[in-house]
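Thanks for coming. I will take a few minutes to walk through one structure, starting with the whole chain and ending with its charged pairs.

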Amino acid sequence: MNKPNSNPQTTGYQDSGADIAYTLRQRGISVLTPQLKPSPFVQEGWCFSDTPSGILSALQRGATHLWANTILFASHPLQTASELDPWESRVHVVGQPPSLVENFDDKAYLNGKLRDSGGFTLPRSWLVRKTSDLDEDDGLETVLRSITRYPIVGKPVRGRGSHGVKVCRDESQLREHVLSLFEESPIVMLEEFLAGEEATVTVMPPSDETPRYWSLPPVARFSHQDGIAPYNGVVAVTQNSRVVTEEEMQKDRSYRKVMKECERVAEVIKATAPIRIDVIWFLPLFDITYFACLSTASTGSREPSQFDSNGGRSDWMGLWYAFTEHPALFSDTRHIQAVSESFLEANSPHIIL
């Protein structure tokens, strides 16, 4: 499929799909899976693929709801596959509109949108474009000459799971890292490195029950490697994350302040499903991760209920409660229509992941 550039390591959500399916079944919700009784000790057998044939197979077996636990983009089969047309009025999805995800998955586009809106705390940043003339305005050498203070963080303009993110201590390191990133991305983003403790805030979309954007408690991240939170498939989030307590939030008002700012981000981009925003404690915003992100690859095996690997990210710690207590987390795509809170009733229909 014609996906936007992304690293294979970070495009596989089969393990988190297993987490979702396992947890929903534990809640008594009917979940359709490729295997009738997949093992809770392996991630395979829980999810249908996000290819046209995979989605069609699920629908032909009776799926009425899709949890789009994959990377969405404007030309994704959920949006464009003609084979899905007969099911257009009968199928619903949990997730963001694919075109919205494609736009805001671009860090440069997102940061520009937030700066134009005003009122957000953002790090100083630069864009470097791959060009034959390194001395152009946005060429590598021109940008390097404009940077007077290190360290600087270099990252792909699109990416997940800390892939390609590196703290560079001097110009030589930064030049080498940017040139390596050009092998996979024509645009690289540079940001000032912000020392401090990292946290992540999950923002939920409006629903009939709560008609506004609202935040789950922040999740603090620690034990970074070279200043960067390690990829979750390498270091389990249960080993380097913790949920901030209500007592802590009462003692320190900065928690509530940053949660409100994150809610404003969701308002600006008009998110229709949960998003996650990473912050530095509590300074400029870093990234947004979409939970609208069917699964494409695997990253390892473990019991889905343990929430330990790539898909068991810190955002899921609060999302399970939020989903079961606030079920209106659905959005439209070309083939999908909004679904009501009856989703979680005892006689709820199948969910396919």
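Before the first figure, a term: a residue counts as buried if its relative accessible area is under 20%, as exposed if over 50%, and as partly exposed in between. Please also keep in mind that this is a predicted model.

With that term in place, the chain has 353 residues, and buried residues make up 54% of them. The chain exposes about 15,000 Å², and carbon and sulfur atoms supply 48% of that area. As for secondary structure, there are 12 helices and 14 strands.

H65 sits in strand β2, which covers residues 65–67. Is H65 buried or exposed? H65 is buried, because its relative accessible area is 6%, and the cut-off is 20%. Its side chain makes a polar contact with the side chain of T64, at 2.9 Å.

Now the sheet. In general, strands of a sheet pair through backbone hydrogen bonds, in a parallel or an antiparallel way. Here we have an open sheet of 4 strands, in the order β4-β7-β5-β6, and the pairing is antiparallel. Which strands stand at the edges? They are β4, residues 125–129, and β6, residues 166–168. Each has a single partner strand, so one side of each is left without a neighbour in the sheet. From one strand to the next, the twist averages 30°.

Inside that order, β5 and β7 pair in the antiparallel sense over 5 bridges. Strand β5 runs over residues 152–156 and β7 over residues 187–192. In this pairing P156 stands opposite V188 in β7. A helix also packs on the sheet: α6, residues 107–117, touches β4, β5 and β7. The direction of α6 makes about 50° with that of β7.

That leaves the charged pairs. Side chains of opposite charge can pair when their charged atoms come close.

E191 forms a salt bridge with K155, with the closest N and O atoms 3.2 Å apart. The pair links distant parts of the chain, since E191 is in strand β7 and K155 is in strand β5, 36 residues apart. Both partners count as buried: E191 has a relative accessible area of 1%, and K155 has 3%.

The side chains of R175 and E141 meet in a salt bridge at 2.9 Å, N to O. R175 is partly exposed, because its relative accessible area is 25%. E141 counts as buried, at 18% relative accessibility.

K251 forms a salt bridge with E247, the closest N and O atoms being 3.4 Å apart. Why are these two separated by about one helical turn? Because K251 and E247 are 4 residues apart in helix α10, residues 246–251. K251 counts as exposed, at 68% relative accessibility.

One last point on the salt bridges: those that share partners join E141, E171 and R175 into one network. That is the end of the tour.

Notes: Residues numbered from 1 in each chain as written. Predicted model: local features only at pLDDT ≥ 70, side-chain atom pairs only at ≥ 80, totals over all residues. Heavy atoms only, no water. Buried < 20%, exposed > 50% of the residue type's maximum accessible area, 1.4 Å probe, protein only. Polar contact = N/O pair within 3.5 Å; in protein donor to acceptor, adjacent residues only side chain to side chain. Areas by Shrake-Rupley, 256 points an atom, 1.4 Å probe, with all protein chains shown as cover. Pairing = 2+ DSSP bridges. Axes fitted to C-alpha atoms, helices over the stretch in contact; angles between N-to-C directions. Contact = heavy atoms within 4.5 Å. Salt bridge = Lys/Arg side-chain N within 4 Å of Asp/Glu carboxyl O.
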